[in-house]
Amino acid sequence: MVWLKKIGSAGHTEVELPLELAILEVEKHLKLGGLAIKEDGTKIDLSEIKEDDKLLLIPRVVGGYNRDRMY
Amino acid sequence: MVIIEIECINIKGTPTEEVYICKTKADGYTRVIPLFKLIERDKLIKLDILFRDCRIKNNWLEIIGLDEEEILKRYFESEEGRAEKLFIELINTGVIPKPINGRISFISRGIRYEIDIDEEKLFVNGKERCFTCKQEMPKFDRIISLYFTILNSPKNLDLRE
């Protein structure tokens with residue numbers, strides 16, 4: 001099983017998924033421009049995901065500003 | 001004993017709406033608790049009356065019938081608070097550097113980055129840079145996301161969307 005914690009607009013969601021499903025889930029997330037982060041803070045590629053991994057899925061951050069807020 | 005100070009502010013984007021926040025010292029930064037999201041309407045009305053009459057002093061918690069621990073408990077159960085809890089966990093495990101004077105400072109690939117937590121600003125080699133998340137998220141989720149983007153995908157910050 002792979003533990004995934006996703007942060008984003010829907011709040012934090014935590015799931016434990018079988019390896020194959022977890023890879024699909026991470027792939028979807030990466031296609032949206034997000035990152036998958038290992039427990040040590042470094043990013044992980046799809047091919048590196050293995051059983052018992054704990055991953056944090058973070059959304060895409062870019063430079064610039066949006067209509068309402070400039071950070 | 002946690003000291004919580006209350007403030008009435010205008011929130012960006014809602015120019016006519018005054019709301020209540022409270023501030024408390026966290027480890028290396030200021031925790032801003034959106035009180036207006038955490039307490040019931042009748043308690044907010046009590047605060048309105050206190051503010052109108054300029055009577056808001058140290059006993060505001062007593063008047064709304066809550067104590068510091070209850071406010072913190074409600075905060076950490078909220079979406080904002082859960083994001084801060086994760087931020088604290090990542091600091092405690094050494095993944096994110098400990099904030100000092102409201103800022104996380106670190107060097108990555110020879111570039112010095114500072115993230116101002118209180119002001120939610122990014123400085124690259126001392127110069128302020130913009131960043132944005134497409135999704136509306138709690139402040140600490142944005143800070144966590146920004147930190148990992150700088151470390152792992154800094155080119156994203158050159159993109160403007």
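**A loop, a sheet and a helix**

Guide: B:Glu120 sits in the loop between S5 and S6 of chain B. Strands are DSSP runs of E with at least two residues, helices are runs of H or I with at least four, and both are numbered from the N terminus. This is a predicted model, where local features need pLDDT of at least 70, side-chain atom pairs count only at pLDDT 80 or more, and totals for chains, interfaces and linings use all residues. Residues are numbered from 1 along each chain as its sequence is written, while chains are lettered from A and ligands numbered from 1 in the order in which they are written.

Visitor: Why is B:Glu120 called partly exposed?

Guide: B:Glu120 has 16 other C-beta atoms within 10 Å. A residue is buried with 20 or more, exposed with 12 or fewer, and partly exposed in between, with C-beta atoms placed from the backbone. So B:Glu120 counts as partly exposed.

Visitor: What makes the phi of B:Glu120 worth a mention?

Guide: The phi is positive, about 55°, although B:Glu120 is not a glycine. Most residues other than glycine have a negative phi.

Visitor: Where is B:Asn125, and why is it called exposed?

Guide: B:Asn125 lies in the loop between S6 and S7 of chain B. B:Asn125 has 11 other C-beta atoms within 10 Å, so it falls under the limit for exposed. Its phi is positive too, about 45°, and B:Asn125 is not a glycine.

Visitor: How do you know that S5 and S6 of chain B pair?

Guide: Two strands pair if DSSP finds at least two bridges between them. S5 (residues 111-116) and S6 (residues 121-124) of chain B have four bridges, so they pair, in the antiparallel sense. B:Tyr113 has B:Val124 in S6(B) as its bridge partner.

Visitor: What is the strand order of the open sheet, and what makes a strand an edge strand?

Guide: The order of the four strands is S4-S5-S6-S7 in chain B, with antiparallel pairing. The edge strands, S4 (103-108) and S7 (127-129) of chain B, each pair on one side only. The twist averages 30° from one strand to the next.

Visitor: How do you know that helix H6 of chain B packs on the sheet?

Guide: Helix H6 (residues 139-152) touches S4, S5 and S6 of chain B. Contact means C-beta atoms, placed from the backbone, within 7 Å. The direction of H6 makes about 175° with that of S5(B). Axes are lines fitted to C-alpha atoms, for helices over the stretch in contact, and angles run from 0 to 180 degrees between N-to-C directions.

Methods: Two residues are in contact if their C-beta atoms, placed from the backbone, lie within 7 Å.
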